[in-house]
Amino acid sequence: MSATARTGHPARRPLQSTLRGAAGWARGRHLGSVAFLTNRVTGLLLVAYLYLHLGVLYLLTRGSGSWASVLHLFKNHYVLSLESLLILFILVHGLNGIRLALVGSGIGVRHQKAWFTAAMSASAVVYVVVVLAMFGVI
Amino acid sequence: MTTTEQAPGQTRRIRISRRRPGAGRARVDEFDVAAGPDTTLLDALREIRSHQDRSLTLRYSCCHASCGTCGMRANGREVLACVTPLASLGSGPIAVEPLANARVEHDLVVDMRDLYESLEPTGRPLIRQDEELGGQEEPGPTFARYEDCLECGLCVSACPIAGSDSAYLGPAALAAAWRSVQEPRGADPSDVLAWVDDEQGCWRCHASFECTEVCPSGVDPAGAVMALRRELTRRKIDQITRRGRQRR
Amino acid sequence: MAALAHVVVIGGGATGAGVAHDLALRGLRVTLLERGELTSGTTGRHHGLLHSGGRYAVGDREAGIECIRENQILRRIAPGSFEENGGLFVALTDEDMDHLNPFLDACEACGIPATVHKAETARQLEPGLNPEVKVAVEVPDATVDPMRLVLRFFATARRNGADLRTFTEVTGLACTARTVSGVLARDLVTERDYEIAADLVVNAAGPWSGQIGQMAGVTVPMQLSPGVLLAVRGRFCARVLNRLHSSADGDIIVPQRGLSVVGTTSWVVDEPDVPPVPAGHVARMYAEGSKLVPAIAAAERRAAWSAVRPLVGGGAASTGRELSRTFQCFDHKQTEGVEGLVTIVGGKATTLRAMAETAADVVCAKLGIDAACQTAQTVLAPHGAYYTERGERYDHD
């Protein structure tokens with residue numbers, strides 16, 4: 001039973017363009033809103049990456065020659081940095097996602113800010129380790 | 001003439017976003033008001049209306065965060081004007097706008113109809129019957145008290161989902177629904193639970209918790225949404241395990 | 001000719017609400033004008049006490065009797081609008097104890113049920129009370145949400161056809177040959193001036209009644225008496241707590257949701273707009289309030305505000321406490337020979353229905369309409385209906 005069915009008429013909150021409404025995503029000042037916006041942004045970026053990744057994989061169908069040249073490109077330090085960012089987004093989105101799954105089922109709601117801080121701290125630590133590994137430091 | 005106890009110490013600039021029917025975009029009017037340490041935003045707005053611009057329209061009534069009518073945004077934050085000292089709004093010009101995610105009727109007055117229409121199906125009464133005084137040795141009588149929710153709309157204004165999805169029930173309605181489930185008073189809470197168990201109901205929330213942050217009355221709508229989810233999840237699991245047991 | 005009689009009511013507070021509701025129920029056509037939001041003038045700001053009448057029983061018997069009767073009626077017609085926890089009149093000193101017997105006698109004379117509690121019982125009932133309490137008298141006070149109760153009257157009035165126009169300021173009264181024939185109004189939103197013809201105008205403008213009266217050249221004998229109220233965070237009592245003595249500053253605490261409202265003071269002013277919060281009044285409220293409930297002294301201030309009581313009576317008053325808290329209805333044809341205008345002023349929020357009944361009786365008598373008052377038996381619409389049942393007033397893009 002939807003909101004429409006129950007009240008008998010559609011909600012009349014002003015229909016604004018999705019873009020203007022999306023501006024409301026960035027208005028929140030507190031940690032919960034930071035988590036919310038971070039998840040949205042990393043989520044969108046990860047989706048964009050996914051398409052990019054599919055595009056790259058397509059190159060496999062073009063034979064080992066083009067694949068080898070792409071792999072060579074990936075050894076470039078600038079590209080490595082971007083890839084490390086990708087790892088960061090996955091960490092942030094993933095760990096915050098776990099927080100959301102728990103909190104969103106009503107578990108540990110009171111500690112939601114602490115969970116976010118813990119998730120971001122963990123992401124930061126793992127990110128540093130990964131970067132060091134990627135650039136051959138450790 | 002201010003309503004403060006102490007002599008006004010400084011002047012504050014208030015920039016009010018004012019939209020009128022049929023006028024398209026809002027215009028911003030600037031006013032200067034004398035302010036003392038205790039002057040609230042509502043004091044300033046009433047001063048402006050009485051002595052500077054009688055056409056300024058705004059809602060207020062109780063002046064102490066009880067009626068919930070003076071909700072607005074000051075420097076982008078949702079507040080009740082009557083309990084917001086100007087001193088808490090920085091030291092520069094103060095940008096005042098009406099609440100978001102509600103239709104602006106004129107100036108700082110928004111249409112509260114959507115909020116009240118969303119509250120109606122929750123069946124939550126105005127008075128709750130569960131208050132116990134602390135310090136008693138044995139469980140004493142429970143007392144009546146008003147529900148905390150002031151129906152002010154600050155939570156809906158702050159909610160990022162309410163901004164981009166006009167069909168979302170919203171934090172106020174969901175908090176009220178949870179109250180009905182907590183205190184069913186003989187009624188079957190399944191009705192209300194079925195109503196919120198919807199993609200535009202309690203599952204539409206994306207946990208920004210802004211509603212709880214801005215609530216002036218300690219309602220914790222975000223907590224209520226999560227509690228509704230927990231309750232729905234628990235019932236679903238019960239249902240599945242019961243069916244499982246029956247099949248065996 | 002009830003269906004054709006058009007009454008314009010000036011003032012969107014408790015008085016206007018009661019009058020609009022009563023007249024609409026009797027079948028008259030009602031237009032109500034309020035220059036701000038409903039109850040923003042003064043009604044919304046009272047401390048939220050549904051009087052048992054105990055506060056007036058000794059000094060103002062008439063007001064005491066009115067209160068207890070209306071208290072019972074309001075509980076019937078507005079169920080679910082009150083925290084019906086009762087109230088205590090608390091004696092802390094020997095001086096207070098001197099008031100006990102006169103108080104009990106007065107309550108009995110007014111018909112106010114009163115139960116005396118020993119100190120120990122009083123402390124059990126209200127653990128937050130000053131431990132030096134000597135005696136507490138329980139009376140049927142209750143807490144009311146000032147705005148929401150009044151909105152129920154408005155919502156019901158609208159259901160019965162009343163046209164409620166907020167943000168509409170009265171700029172004058174149309175007068176011809178000592179007869180008020182209409183109201184000059186300004187729509188503050190469109191900034192348009194227009195005239196509304198009326199068979200009768202009811203001046204229910206509370207503190208502004210005098211100003212409205214002047215528009216027709218009549219005098220309304222009244223005094224403006226503001227009082228300061230303090231709301232602190234924390235709910236320190238379940239019941240209303242009153243000090244058992246003659247009315248003075250800071251002698252009442254009303255629990256309201258998560259707050260405790262401490263009131264009040266009293267002085268006299270000339271101007272009804274934007275009353276100040278004079279220096280020292282808030283401190284006085286803390287001091288007097290903590291005599292009843294010691295924890296108040298350290299409680300965080302949520303808000304301090306002032307509201308003007310429109311008191312009927314023309315004599316010189318120094319604090320406003322000397323004037324009667326009852327109400328009066330003036331038919332200006334009788335008082336000053338001006339036809340078409342009736343003023344209803346004074347009283348307190350608890351007696352809004354009775355005030356309206358009196359005014360509506362006068363209105364109907366003047367218009368030759370035979371319609372009995374039904375407000376004492378009519379259950380009111382819920383306050384949310386005021387918002388959900390509004391029509392579209394302006395064209396929006």
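**Figure 1. The contact between chain B and chain C in the predicted model.** In this predicted model, chain B puts 47 residues into its contact with chain C, and chain C answers with 44 residues. On the side of chain B that touches chain C, two or more residues come from each of helix H1 (41-51), H2, strand E8 (127-131) and strand E9 (143-146) of chain B. Sorted by class, this side of chain B holds 19 nonpolar, 17 polar and 11 charged residues.

**Figure 2. The contact between chain B and chain A.** Here 35 residues of chain B meet 29 residues of chain A. At least two residues each are supplied to the side of chain B that touches chain A by helix H2 (113-119), helix H4 (160-164), helix H6 (190-196), helix H7 (210-214) and helix H8 (221-247) of chain B. The largest share of that side, 6 residues, belongs to H8(B). By class, the side of chain B that touches chain A has 14 nonpolar, 11 polar and 10 charged residues.

**Figure 3. Chain B as a whole.** The secondary structure of chain B consists of 8 helices and 9 strands. Its C-alpha atoms occupy a box of roughly 75 × 50 × 25 Å along the principal axes. Chain B has 248 residues, of which 54% are buried. Among the contacts in chain B with a separation of 6 or more, 61% join residues 24 or more positions apart.

**Figure 4. The two domains of chain B.** The domain assignment places domain 1 of chain B at residues 10-110 and domain 2 at residues 113-247. Between the C-alpha centres of these two domains of chain B lie 30 Å. Where the domains meet, 13 residues of domain 1 of chain B are in contact with 14 residues of domain 2 of chain B. Strand E3 (71-74) and strand E4 (77-80) of chain B each give at least two residues to the side of domain 1 that touches domain 2. The residues on this side of domain 1 of chain B are 7 nonpolar, 4 polar and 2 charged.

**Figure 5. Chain A, a chain with helices and 0 strands.** The secondary structure of chain A comes to 6 helices, and its elements, read from the N terminus, run α-α-α-α-α-α. Of the 138 residues in chain A, 20% are buried. Residues 24 or more positions apart make up 61% of the contacts in chain A with a separation of 6 or more.

**Figure 6. Chain C as a whole.** Chain C contains 12 helices and 20 strands. Its C-alpha trace spans about 65 × 50 × 40 Å along the principal axes. A compact globule of 397 residues would have a radius of gyration near 21 Å, and chain C, with 21 Å, agrees with that value. Buried residues account for 58% of the 397 residues of chain C. Of the contacts in chain C with a separation of 6 or more, 74% are between residues 24 or more positions apart.

**Figure 7. The two domains of chain C.** Domain 1 of chain C is made of the segments 6-43, 147-220 and 323-388, while domain 2 is made of 83-144 and 223-312. The centres of the two domains of chain C, taken over C-alpha atoms, are 31 Å apart. In the contact between them, 12 residues of domain 1 of chain C face 9 residues of domain 2 of chain C. Strand E19 (327-331) and strand E20 (341-346) of chain C each supply at least two residues of the side of domain 1 that touches domain 2. That side of domain 1 of chain C has 6 nonpolar and 6 polar residues, and no charged residues.

Figure 8. C:Asp94 counts as exposed because it has 8 C-beta neighbours inside 10 Å, and the cut-off for an exposed residue is 12 or fewer. C:Lys134 is 40 residues away from C:Asp94 along the chain, and the C-alpha atoms of the two are separated by 8.5 Å.

Key:
Residues are numbered from 1 along each chain as its sequence is written. Chains are lettered from A and ligands numbered from 1 in the order in which they are written. This is a predicted model: local features need pLDDT of at least 70, side-chain atom pairs count only at pLDDT 80 or more; totals for chains, interfaces and linings use all residues. Helices (H or I, at least four residues) and strands (E, at least two) are DSSP runs, numbered from the N terminus. Two residues are in contact if their C-beta atoms, placed from the backbone, lie within 7 Å. Ala, Val, Leu, Ile, Met, Phe, Trp, Tyr, Cys and Pro count as nonpolar, Asp, Glu, Lys and Arg as charged, and the others, Gly among them, as polar. Domain bounds come from an automatic or database domain assignment. The radius of gyration is taken over C-alpha atoms; the globule rule is 2.2 Å times the number of residues to the power 0.38.
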